[in-house]
Amino acid sequence: MPNITVDYSAAVTHAFDREAFARALHTAVVEIAVAKPEACKTLFRRADETAYGYEDPLEQQHAVVHVCLGLLAGRTDDTKARLTEAVLELLRGHIADEGITLHASAEIRDLDPSYRKFDR
């Protein structure tokens, strides 16, 4: 914990400084959600096709980035809101503006009590 997944459109691959974003995100998670630094892990998943809108859903002028943070239960709604706002601010700072309309979102979900992990 925390488990962080970042889904992003291929259109921002070269504009997205994923390594710097992950470092900054892990720092924010530790500071805001009081997570253990060594427990932060992030998985980036590139989507080669992203549909946006109704008229021309495969319009290449749009990109989607969605960040999902799975945390152990117990954080307040205020803590979760502050963390998602921090995530969106970090995305603004780590994805260069290359003339693509960016649609960014973030959410916090409580990990199920059955959550277990394995490290090797």
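1. What share of the contacts in the chain with a separation of 6 or more comes from residues 24 or more positions apart? The share is 81%. Contact here means heavy atoms within 4.5 Å.

2. First, the basis. This is a predicted model, in which local features need pLDDT of at least 70, side-chain atom pairs count only at pLDDT 80 or more, and totals for chains, interfaces and linings use all residues. Residues are numbered from 1 along each chain as its sequence is written, and side-chain values use heavy atoms, with hydrogens and water left out.

3. The chain has two helices and four strands. From the N terminus, their order is β-α-β-β-α-β. Both kinds of element are DSSP runs, numbered from the N terminus: helices are H or I with at least four residues, strands E with at least two.

4. Of the 120 residues, 38% are buried (under 20% relative accessible area, 1.4 Å probe, protein chains only).

5. The largest nonpolar core holds 29 residues. Such a core is a set of buried Ala, Val, Leu, Ile, Met, Phe, Trp, Tyr and Cys residues joined through side-chain atoms within 4.5 Å. Phe21, Leu25, Val29, Val67, Leu69, Leu83 and Leu91 touch the most other members. Strand E1 (3-9), helix H1 (18-33), strand E3 (62-71) and helix H2 (77-94) each give two or more residues to this core.

6. Take Leu25. Beyond its neighbours within four places in sequence, Leu25 is in contact with Ile4, Thr42, Val67, Leu69, Val87 and Leu90.

7. Along its principal axes, the C-alpha trace spans about 40 × 35 × 25 Å.

Technical notes
Buried < 20%, exposed > 50% of the residue type's maximum accessible area, 1.4 Å probe, protein only.
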